[in-house]
Structure formats: structure tokens, C-alpha cells
Amino acid sequence: MEDQDNKEKKEEHRCTEHVRYDGGRKINRDGVRVWIETYYCSVCGTRLDVKEEILD
């Protein structure tokens with residue numbers, strides 16, 4: 001019960017001030033190499049942005 005109260009009382013913050021980058025990763029989509037970068041909020045874990053770049 002106490003854990004639920006803590007989740008509801010998360011402190012207010014701006015996600016854009018706490019951006020964390022995952023380091024990027026290379027994947028293969030149907031023979032096409034793609035570089036994917038994901039940006040998260042380091043406080044609440046919300047996904048803020050995903051950038052994809054085709055490498056081939």
C-alpha cells in the first residue's frame with residue numbers, strides 16, 4: 001500500500017531537463033541496416049524521442 005502512495009506522489013519535474021541517451025544500437029530490418037537512438041527521462045523513464053537513420 002505504501003508503494004502505491006509513493007508512485008502517486010512523484011515529484012514534479014520537466015522531462016526535457018533530465019534527458020538520458022541509451023547509447024544507440026544498430027539493427028537489421030529486412031536487410032536494411034538502421035541506427036536507432038532512444039532518449040529517455042532519467043527521473044520517470046518516459047521515452048522522449050526516437051531517432052532512426054538508415055545506414056545503407
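Which glycine takes a positive phi in the hairpin of S3 and S4? Keep that one in mind while we walk through the chain.

First, some ground rules. This is a predicted model, where local features need pLDDT of at least 70, side-chain atom pairs count only at pLDDT 80 or more, and totals for chains, interfaces and linings use all residues. Residues are numbered from 1 along each chain as its sequence is written, and side-chain values use heavy atoms, with hydrogens and water left out.

Let's start with the layout. The chain has one helix and four strands, and from the N terminus on they run α-β-β-β-β. Helices (H or I, at least four residues) and strands (E, at least two) are DSSP runs, numbered from the N terminus.

How much of the chain is tucked away? Buried residues make up 9% of the 56 residues. Buried means under 20% relative accessible area, exposed means over 50%, and partly exposed is in between (1.4 Å probe, protein chains only).

Take the contacts in the chain with a separation of 6 or more: residues 24 or more positions apart account for 18% of them.

Threonine 38 is buried, with a relative accessible area of 2%. Its side chain is joined to that of arginine 25 by a polar contact of 3.4 Å. A polar contact is a pair of N or O atoms within 3.5 Å; within protein, one must be able to donate a hydrogen and the other to accept it, and residues adjacent in sequence count only if both atoms are side-chain atoms. If you skip neighbours within four places in sequence, threonine 38 is in contact with several residues, including Tyr21, Asp49 and Val50.

Isoleucine 36 is also found in strand S3, and at 4% relative accessibility it counts as buried. Again leaving aside neighbours within four places, the contacts of isoleucine 36 include Ile27, Val50 and Glu52.

At 83% relative accessibility, aspartate 30 counts as exposed.

On to the partner of S3. Seven bridges join S3 to strand S4 (residues 47–54), and the two run antiparallel. Strands pair if DSSP finds at least two bridges between them. Valine 34, for one, stands opposite isoleucine 54 in S4. And here's the answer to the opening question: glycine 45 takes a positive phi near 85° in this hairpin, which has five residues between the strands.

Finally, the cysteines. Cysteine 15, at 21% relative accessibility, counts as partly exposed, and so does cysteine 44, at 27%.

Technical notes. Contact = heavy atoms within 4.5 Å.
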